[in-house]
Amino acid sequence: MGDVQSALVECPQRIEPMTTYGKREKLKPLIRIVDDNQAILNSLTFMLTCEGYEVASFSSAEAFLAGDTPSREGLLILDVQMPGLSGLELFKVLNMRAYKLPIIFLTAHADVDMAVAAMREGACDFHQKPINPETLLPAIARGLEKARISKSGLGDIKEEVERFKALTEREEQICRLVAKGLVSREIAERLVISQRTVDHHRTAALSKLNIREPAELALFFERIDAWRKSAGHAGQNLF
């Protein structure tokens with residue numbers, strides 16, 4: 001894990017916060033980190049402290065359950081594989097307790113199916129080790145923003161519908177394949193187009209949707225397809 005520590009030990013170039021959390025000091029959230037690797041705990045704690053967050057670290061799921069304050073707003077960064085109670089087992093416990101804290105999973109292995117299943121149950125993101133601060137920091141901001149919207153009652157599928165409507169037919173086609181876990185080369189072969197063309201449409205589409213991970217994209221299309229089916233039964237013309 002030495003390479004992970006070295007990648008995070010220095011504060012990265014500050015990324016402008018994506019939400020009001022980064023601008024309103026009164027709403028500083030508490031970021032919890034649960035990982036059995038002390039080097040990762042130290043590195044993430046240092047990085048997030050540099051970004052202005054308050055951080056609490058735990059070396060096990062059991063320590064988190066014993067020491068956390070559920071009423072404190074914030075976000076949980078949770079390792080999937082840990083001795084004792086695993087990250088996924090802790091996730092199930094938190095769901096049973098109706099613990100609404102946004103959760104970002106860290107995993108050493110990319111597994112789209114596992115990520116989709118966890119996000120369907122309420123996780124907000126999945127990140128593969130070694131950790132990239134340039135993708136983790138925006139993910140934390142998105143998680144906090146989603147929690148804020150959910151708490152305020154402002155969440156609405158119509159906003160997702162509008163983002164979906166901004167896609168071209170080709171962008172949607174490529175995004176649905178990305179959501180299934182296909183990489184650009186595989187998509188290019190399936191659609192009989194160049195990989196460069198795939199990358200161009202993929203970048204444009206994900207920018208419109210403000211989505212990065214295949215698992216999050218898969219859940220986005222699940223919600224869109226369910227809404228379209230529901231709207232069709234109701235005789236609404238949303239598209």
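# Salt bridges and helix packing

The side chains of Arg185 and Glu189 pair up in a salt bridge, 3.6 Å from N to O. A salt bridge here is a side-chain nitrogen of Lys or Arg within 4 Å of a carboxyl oxygen of Asp or Glu, and by this rule the count comes to 11 salt bridges. Keep in mind that this is a predicted model, where local features need pLDDT of at least 70, side-chain atom pairs count only at pLDDT 80 or more, and totals for chains, interfaces and linings use all residues. Residues are numbered from 1 along each chain as its sequence is written, and side-chain values use heavy atoms, with hydrogens and water left out.

**The pair in helix 9**

- Arg185 and Glu189 sit 4 residues apart in helix 9 (residues 184-191), which means about one helical turn separates them. Helices are DSSP runs (H or I, at least four residues), numbered from the N terminus.
- An α-helix has 3.6 residues a turn, so residues three or four places apart point the same way.
- Arg185 is partly exposed, at 44% relative accessible area, while Glu189 is exposed, at 55%. The cut-offs: buried is under 20% relative accessible area, exposed is over 50%, and partly exposed is in between (1.4 Å probe, protein chains only).

**Helix 7**

- Which residues of helix 7 (residues 157-165) are buried? They are Ile157, Glu160, Val161, Arg163 and Phe164.
- These residues cover an arc of only 165° around the axis, so they lie on the same side of helix 7. The arc is taken from the directions from the helix axis to the C-beta atoms.
- Glu160 and Arg163 also form a salt bridge, 3.8 Å from N to O, and both are buried.

**Helix 8 and its partners**

- Arg176 forms a salt bridge with Asp225, with the closest N and O atoms 2.8 Å apart.
- Arg176 is in helix 8 and Asp225 in helix 11 (residues 214-233), so this pair ties together parts that are 49 residues apart in sequence.
- Both ends are partly exposed: Arg176 has a relative accessible area of 25%, and Asp225 has 34%.
- The axes of helix 8 (residues 169-179) and helix 10 (residues 195-209) come within 9 Å and cross at roughly 90°, so helix 8 is roughly perpendicular to helix 10 (65 to 115 degrees). Axes are lines fitted to C-alpha atoms over the stretch in contact, and angles run from 0 to 180 degrees between N-to-C directions.
- Contact means heavy atoms within 4.5 Å; on the helix 8 side, the residues meeting helix 10 include Ile174, Cys175 and Val178.

Methods:
Helix = DSSP H or I, 4+ residues; strand = E, 2+ residues; numbered from the N terminus. Parallel < 35°, antiparallel > 145°, perpendicular 65-115°, else oblique.
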